[in-house]
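Thanks for asking me to look this model over.

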Amino acid sequence: MGKTKHTGPIKLNKKPSPKLWSSLIPMGLGKVKPHHIRDTMKVILENRDNLPYAYRILTQGVCDGCALGVSGLHDQTLSGPHLCTTRLNVLRLNTAPAINSELLHDVEYLRTLSSTELRKLGRIPYPLLRQKGESKFTRITWDEALSRIASKVKEISPKQLAFYLTARGITNEVYYTAAKVARFIGTNNIDNASRICHSPSKTALKRSLGIGASSCNYKDWIGTDVLVFWGSVAANNQPVSTKYMYAAKKAGTKIIMINPYREPAMENYWIPSIVESALFGTKIVDDVYQVNIGGDIGFMNGVMKYWFEMEERNPGTAIEYTFVKEHTNGFELLKQHLEKMAWEQIEQSSGLSRQRIGEFAQLLANSRTGVFVWSMGLTQHRFATDNISQVANLALLRGFIGREKCGVMPIRGHSGVQGSGEMGADPFVLPGGEFDDETINRIEQVWGFTLPKWQGDTVGQSIENALLPDNHERKLKLFYTSGGNFLETMPDPQFIKEALEKVELRVHQDIILNTSTLLDAKEEVIVLPAMTRYEQPGGGTSTSTERMVYFSPEIEGPRIEEARCEWEIYVDLAKRIHPEKSNLIHFAHADEIRKEIAVANPNYNGIQHLKKQGDVFQWGGAWLCEGGQCPTSNGKGNLIAIDLPENRRTEGQFYITSRRGKQFNSMIYSEIDPFNGGHRHDIIMNSQDAASLAITEGESIVIYNKFGMLQGKAKFDNISKGNIAVYWPEGNVLFRKGIYEKHAKIPEYNTVALVEKAEMYHARKDKNYLEKRIADLEVDFE
């Protein structure tokens, strides 16, 4: 861990710089771009019944959108106010009144609504029960709801129970309490939303550098020689970050995007809070390397191979040998591995030429400092951990670790999820450590009870376990989910529906209804109304991408009468299951939880002092691995030789990946993508690929494989040949269930598929159907 402390926000350079302008046309009139002023007015209108409360949330609370860590309207990177449409869009979740109770009596009607429409109905007002076969929810008391859940827990094995916590503004206090309660009950089946996004990041960084979080800060973006975004569209998913990019460009930083699709949001952005950018836009990226979907390992192997070739010609021009010698293991093995790898293989895998790869290699070799940022473009693959270890390899070979304006950053898309695993709400970790004997023994001393020693399942595995035989020890019989909608976040939605409906008791602890809440259960569904983070008594904390732990106070305002604080619900349930040892799980106030967190996770020593608005501390110092000292067994980073992933594409197939439009997680706010004008069912493809299939733009086409089929319209855009992008979650029908990355167990959200004109596809299907029907009539009556 580092000793240097973060020095706080710096002043933004707002001096006009015409060379960065995107357009001379004021406000980007006539261009496809977000309309921030219009969207802000819509939010004001939407929250008009609770505007004073909405204002207090924005100015006093910690943002419950992405994980940049804006507290009130300020952060630790740039001085001045920060506000984005992502935060404004989720505001209504906190200010909405209760749903009209009459609607709860008609589940069939509710099922006709999308999650977007359900969200607009309002908050869950009180505990609800719906037993199998019933067409309405029945109001029940908290006592009855928790007693029914407790009774079910007592009659099943702890291995047949699973907890899940989403990223819905959940605080560290809730994650920690849920993690403790799960083990108190006797189960290790507890998982969280961050694992579906970034579990390979933690796994890879642990094995490569000994750390499980970003090694640097957002401030390190500003003035670094090169800032690389790998499979990350920060301008769309973390809009305030565009101000950091603007500041970086002003400081001379080169910004590079590595992505199959030239994401328009990263090319040009009109930053509404900066006058110059709001008027003329800002050119964000300096160059784009359009790798194949899944081609990043090949690309990075090519960069390193090119460096070794540079070193052969002119020693000392590419690799930081002093740093490598003093602070890394595995250099010679990596070199030998790359020497054996053929350029032809690298080019085929990456989708880029040796010359193009060399350009990027030269750029990094000529840079004294660099920061690598990545997101789900690298993590949601079956070889994701290897993807991230490759990024670490590049950083180690150049010495971009443990110093100012250098580092590796898995940027988080949701507020507080960085803390979820650090609080132990994960089947593979406990607070402050891995799920190993040393940490188990330490946590048992802190908690005062024995922990289950068996390995817990990830949420994907737990859901699949719902279809096991009834007598199987891992058959999922009770699924307790705090937020989340797996119908819209997991591959193969039809399978997910089938599995969720096989669970005997499902508990949905949430603030709103979604489509998964309305699914049947084998016995019953219980819905529990939760408070938001701004309603939590005693306030709460959340951890940002850069390891800043912020305090968000309880904010005065209207309340949903029967909604309860989530950590209190977990504690109440645990006491009902094991009343004889309820003293071991009792918390009277949020302050008590923070005091225990500081003991259970030593990195969080300081959280106990956070008590009022604006309180914040950063665990680990400004830079992890400061001075090149990594928290590994010998204090050195590990260079790891990574093989090229198997190429699963055959002739005529395309690589398929998913992307986001105007949405936050699976919550969709518009059918139109504000950055490219695309509709939710548009299929983004290369015009040359389309021409080879005689497909015209706007034509109805079908993508299909043995897992599913998606129909939409062809949208031509700047995506690398042989690759196609579909919107998420609509495209989840194409992704195979049960495919998990071997190290971190993350589901894969990439696949290969065929593409046809819709008329050809359906004509062929109709023909096959008729042939099958005729064959069915050929019955032998002898």
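1. The lining of the second largest cavity is made up of ten nonpolar, 14 polar and four charged residues. Here Ala, Val, Leu, Ile, Met, Phe, Trp, Tyr, Cys and Pro count as nonpolar, Asp, Glu, Lys and Arg as charged, and the others, Gly among them, as polar. The volume of this second largest cavity is about 420 Å³. Among the 28 residues lining it, those closest to the centre are Gly231, Asn259, Met376, Gly377 and Ser658. A cavity is a set of points, on a 1 Å grid over the protein atoms alone, where a 1.4 Å probe fits but cannot get out; lining residues have an atom within 4 Å of a point. Grid points are joined across faces, edges and corners, and a volume is the space filled by probe spheres set on the points.

2. Before going on, a word on the source: this is a predicted model, in which local features need pLDDT of at least 70 and side-chain atom pairs count only at pLDDT 80 or more, while totals for chains, interfaces and linings use all residues. Residues are numbered from 1 along each chain as its sequence is written, and side-chain values use heavy atoms, with hydrogens and water left out.

3. Which elements each supply at least two residues of that cavity's lining? They are helix H10 (234-237), helix H19 (376-379) and strand S22 (654-659). S22 has the largest share, three residues. Helices (H or I, at least four residues) and strands (E, at least two) are DSSP runs, numbered from the N terminus. In the whole structure, the search finds eight cavities of 30 Å³ or more.

4. S22 also belongs to a barrel, which six strands close in the order S22-S28-S25-S27-S26-S29 with mixed pairing. The twist from one strand to the next averages 45 degrees. Two strands pair if DSSP finds at least two bridges between them. Strand S26 (residues 700-704) and strand S29 (residues 750-757) run antiparallel and are joined by four bridges; Ile703 has Val755 in S29 as its bridge partner. In the loop between strand S28 (723-727) and S29 you will find Pro729, which is joined to Trp728 by a cis peptide bond with omega about 15 degrees.

5. Now to the open sheet: five strands, in the order S9-S6-S5-S11-S12, pair in parallel. Strand S9 (287-289) and strand S12 (407-410) are its edges, each pairing on one side only. The twist here averages 20 degrees from one strand to the next. Strand S5 (residues 226-230) and strand S11 (residues 370-374) share five bridges in the parallel sense, and Val228 stands opposite Phe372 in S11.

6. Which helix lies across S5, S11 and S12? Helix H20 (residues 384-398) does, running at about 175 degrees to S11. Helix H18 (residues 354-365) lies across S5, strand S6 (254-258), S9 and S11, at about 125 degrees to S9. Axes are lines fitted to C-alpha atoms, for helices over the stretch in contact (heavy atoms within 4.5 Å), and angles run from 0 to 180 degrees between N-to-C directions. In the loop between H20 and S12 sits Lys405, a residue other than glycine with a positive phi, near 65 degrees.

7. The largest pocket has a volume of about 670 Å³. Of its 33 lining residues, Lys202, Lys206, Val429, Gly433 and Glu434 are closest to its centre. Unlike a cavity, a pocket is an open set, with protein on both sides within 12 Å along at least five of seven lines. Helix H9 (193-209) gives the most to this lining, seven residues. The lining divides into nine nonpolar, 14 polar and ten charged residues.

8. How far does confidence reach? pLDDT, the predictor's confidence in each residue from 0 to 100, averages 94 over the protein, and 98% of the residues score at least 70. Over residues 769-782 it stays under 50, and the model has zero contacts there beyond four places in sequence. Where pLDDT is low, the predicted coordinates should not be read in detail.
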